[in-house]
Amino acid sequence: MNRSNSYSTSKRTKILDYIIKNSHKDVSVKEISNYLDIEQNMTVNVTTIYRYLDKLEKDGKVIKHISDNGHTTLFQYVKPDNNCHDHLHMKCSKCGKIMHLDCEFMEEFKHHIYEEHKFTIEFTSSMIYGICDSCNVKN
């Protein structure tokens, strides 16, 4: 048995706990590292964090996004009942909240985009940017 695939460390547990706690938004490796270092008093090499996040992505437990400026890789926890491969995601440009556009018309939309534009959407990495209702109310 390969220990690296099944062995759960306290570091991995803390990383996953942080991502789950922040499942309403995406998080960076820097944010995870700062959380571990400052709040958990646990030093973890960023390479270790990236490696574990890659494993979580392969296991379908996180999705990976690129930041608005294109310079930072961001990760978001995927709840077991969310099938992020079948719908678009919406991100508030003000507060960073991510919402799932899990509507009945997703198949129809996907079909239309392919038939009319000959383009296949990869829903997992698709993000629509705008302003959420909470941020709209504040303005």
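Begin the tour of this predicted model by selecting the sheet, in which three strands are arranged in the order S1-S3-S2; the sheet is open and its pairing is antiparallel. At its edges lie strand S1 (27-28) and strand S2 (62-66), each of which pairs on one side only.

Select next strand S3 (residues 73-77) together with S1. These two strands run antiparallel and are joined by two bridges. Within this pair, display serine 28, which stands opposite leucine 74 in S3.

Proceed to a pair of helices. Two packed helices are described by the angle between their axes and the distance between the axes. Select helix H2 (residues 10-21) and H3: they pack at an angle of about 115°, and their axes are 10 Å apart. The crossing of these two helices, H2 and H3, is right-handed. Now show the side chains at this contact. From H2, select Lys14, Ile15, Tyr18, Ile19 and Lys21; from H3, select Glu31, Ile32, Tyr35, Leu36 and Glu39. Colouring the contact of H2 with H3 by residue class will show six nonpolar and four charged residues, and no polar ones.

Remain on helix H3 and select serine 33, which is found in this helix. Is serine 33 buried or exposed? Its relative accessible area is 18%, and serine 33 is therefore buried, the cut-off for that class being under 20%. Display its surroundings as well: leaving aside residues up to four places away in sequence, serine 33 touches Val44, Val46 and Ile49.

From here, follow the chain into the loop between helix H3 (29-39) and helix H4 (46-58), and select asparagine 41, which has its place there. Asparagine 41 is not a glycine, yet it has a positive phi of about 50°. What is the relative accessible area of asparagine 41? The value is 73%, and asparagine 41 is exposed.

Lysine 118, a residue other than glycine, has a positive phi near 50°. Display the surface at this position: with a relative accessibility of 57%, lysine 118 counts as exposed, since the class of exposed residues covers values over 50%.

Definitions and conventions. Residues numbered from 1 in each chain as written. Predicted model: local features only at pLDDT ≥ 70, side-chain atom pairs only at ≥ 80, totals over all residues. Heavy atoms only, no water. Helix = DSSP H or I, 4+ residues; strand = E, 2+ residues; numbered from the N terminus. Buried < 20%, exposed > 50% of the residue type's maximum accessible area, 1.4 Å probe, protein only. Pairing = 2+ DSSP bridges. Axes fitted to C-alpha atoms, helices over the stretch in contact; angles between N-to-C directions. Left-handed = near helix turned anticlockwise from the far one by under 90°. Contact = heavy atoms within 4.5 Å. Nonpolar A, V, L, I, M, F, W, Y, C, P; charged D, E, K, R; others polar.
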